[in-house]
Amino acid sequence: MALNARLDHRNPLVFDTHELGRRPGALQRLTREIDAPKDLGIQGVIGVPEGAPVELELRLESVMEGVLVTGTARAQAKGECVRCLEPLELALEADFQEMFSYPDADDRGRVKAEPADDAEEDEDRLFIEDGLFDLEPVLRDAVVLALPMQPVCQDDCLGLCSECGERLTDDPDHHHDAVDIRWAALQGLAGSLEDGEKDEMSGAEPGVDEKQEK
């Protein structure tokens, strides 16, 4: 992506590389616990609740063109089972690796003599600005890739009864007596005929009584 606005070093997802320096091969290891930002995960499906603790382990390596960041994020994700709709919680571990480029270096790590018109190439790149880089977009992508698109409370979850909505895992023998729709139609027809016969009989009774009276 293009260069960001000025980064805020107070942001827990912004890291400083000044101590690392620009000497290729230099390494720095960092651990940090942060509060999860808003909408960290797959919206409406599963994610890390805003403000929940996220543990970060990072390895920063200085290379010619920038800083290679390798890391792991750990947290507890919460969501809803797609089969039975029960709340669920799972341990999340997301690995990632990303290159943060120096804005004044080309792909070979050499300092650019003059700015080149390579805006299209820069759209997919992340940059170091004033010795700082923002890990948030990398973290978001890594978390989404690590989370299940269709989370389930357990692998063998049976879901819900399509007729009454009862959770089938709680009652594996749960069932409803199936009625063949063809027989149901005949039963309905038979019922209609019986009702018609009763109506005819009830309608004939007054006439019979009148004749008997005469």
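Entry one. I began with the charge over a ring and found that Arg 22 lies over the face of Tyr 102, at 3.7 Å from the ring centre. I note here that the model is predicted, and I read every value below with that in mind.

Entry two. I then turned to ring pairs, for which I looked up two quantities, because a pair of aromatic rings is described by the distance of the centres and the angle of the planes. I found two aromatic pairs in the structure.

For Phe 15 and Phe 133 I noted 5.6 Å centre to centre and 20° between the planes, a pair that is stacked; planes under 30 degrees apart count as stacked. I located Phe 15 in strand β1 (residues 14-16) and Phe 133 in strand β9 (residues 132-134), so this pair ties together parts that are 118 residues apart in sequence. I also checked burial: Phe 15 has 1% relative accessibility and counts as buried, and Phe 133 is buried with a relative accessible area of 0%.

I next looked up Phe 100 and Phe 133, which form a tilted pair with 4.5 Å centre to centre and 35° between the planes. Phe 100 sits in strand β7 (residues 87-101) and Phe 133 in strand β9, 33 residues apart, and I recorded that the pair links distant parts of the chain. Phe 100 is buried as well, its relative accessible area being 1%.

Putting the rings together, I wrote down Phe 15, Phe 100 and Phe 133 as one aromatic cluster, with Phe 133 paired to Phe 15 and to Phe 100.

How values were computed
Residues numbered from 1 in each chain as written. Predicted model: local features only at pLDDT ≥ 70, side-chain atom pairs only at ≥ 80, totals over all residues. Heavy atoms only, no water. Phe/Tyr/Trp six-rings, centres within 6.5 Å; stacked < 30°, edge-to-face > 60°. Helix = DSSP H or I, 4+ residues; strand = E, 2+ residues; numbered from the N terminus. Buried < 20%, exposed > 50% of the residue type's maximum accessible area, 1.4 Å probe, protein only. Lys NZ or Arg CZ within 6 Å of the ring centre and 35° of its normal.
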